Amino acid sequence: MAKKKSEKKKKIYNEVKIDIGKLTERDLFIGGVFLYMGEGSKTTKGTTAVTNTNPEILKLFIKWLSLHDINKQKIKVQLHLYSDMNVEKQLLLWSKLLSVPKKQFRKPHVKISTSEKITYKGQFGQGTCTVLYEDVNLHFKTLSYLRYIQETLNK
């Protein structure tokens with residue numbers, strides 16, 4: 001059964017590759033706007049940020065940021081961890097996963113949890129990570145992208 005399931009997944013994946021085709025820079029741009037629409041911070045003044053537990057989502061956001069002629073040294077990262085996690089280990093892990101130097105990480109927020117269900121040992125794995133870029137013009141531009149897409153698609 002496992003082999004059959006694996007073959008089915010592979011077949012569907014190959015069909016999807018054909019359906020989607022080669023992705024362009026414009027596809028990344030539009031996809032990034034939709035990513036921001038769902039996962040981005042819309043209320044932090046002057047900051048364009050996405051928070052997620054999935055490093056692949058955050059790497060996509062960083063790629064999207066790079067389309068905007070940013071200074072990559074200005075990208076900041078903040079981790080939200082639990083008190084039973086090894087902070088230094090998590091800093092090194094996320095730095096490697098995101099290809100962002102550790103010196104660009106802000107001090108992690110460490111939550112002291114009294115519930116045994118909400119810990120590193122539970123379902124939250126490596127904590128939650130926020131990638132931030134502080135630039136008022138990019139923030140306004142990003143909110144304008146969202147507004148334009150919403151107005152256009154909701155007609």
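Let's start in the loop between α3 (55-66) and β2 (75-82), where you'll find D69. Keep in mind that this is a predicted model. D69 has a phi near 50 degrees, a positive value, and this residue isn't a glycine. Why mention that? Most residues other than glycine have a negative phi. D69 is also exposed, with a relative accessible area of 74%.

Now please move along to the loop between α4 (87-98) and β3 (109-111), which holds S99. Here too phi is positive, about 55 degrees, and S99 is not a glycine either. With a relative accessibility of 65%, S99 counts as exposed.

Next, the aromatic rings. How many aromatic pairs does the count come to? Six. One of them is F29 with Y145: the ring centres are 4.9 Å apart and the planes sit at 85 degrees, so we call this pair edge-to-face. It joins distant parts of the chain, with F29 in helix α2 (residues 25-39) and Y145 in helix α5 (residues 136-153), 116 residues apart. F29 is partly exposed at 24% relative accessibility, while Y145 is buried at 19%, because the cut-off for buried is under 20%.

Then there's Y36 with W64. Their ring centres are 6.4 Å apart and their planes are at 20 degrees, so this pair is stacked. Again distant parts of the chain are linked: Y36 belongs to helix α2 and W64 to helix α3, 28 residues apart. Are these two buried or exposed? Y36 is buried, at 0% relative accessibility, and W64 is buried at 0% as well.

To finish, have a look at the cluster: ring pairs link F29, Y36, F61, W64 and Y145.

Conventions
Residues are numbered from 1 along each chain as its sequence is written. This is a predicted model: local features need pLDDT of at least 70, side-chain atom pairs count only at pLDDT 80 or more; totals for chains, interfaces and linings use all residues. Side-chain values use heavy atoms; hydrogens and water are left out. Helices (H or I, at least four residues) and strands (E, at least two) are DSSP runs, numbered from the N terminus. Buried means under 20% relative accessible area, exposed over 50%, partly exposed in between (1.4 Å probe, protein chains only). Rings of Phe, Tyr and Trp (its six-membered ring) pair if their centres lie within 6.5 Å; planes under 30 degrees apart count as stacked, over 60 as edge-to-face and the rest as tilted.
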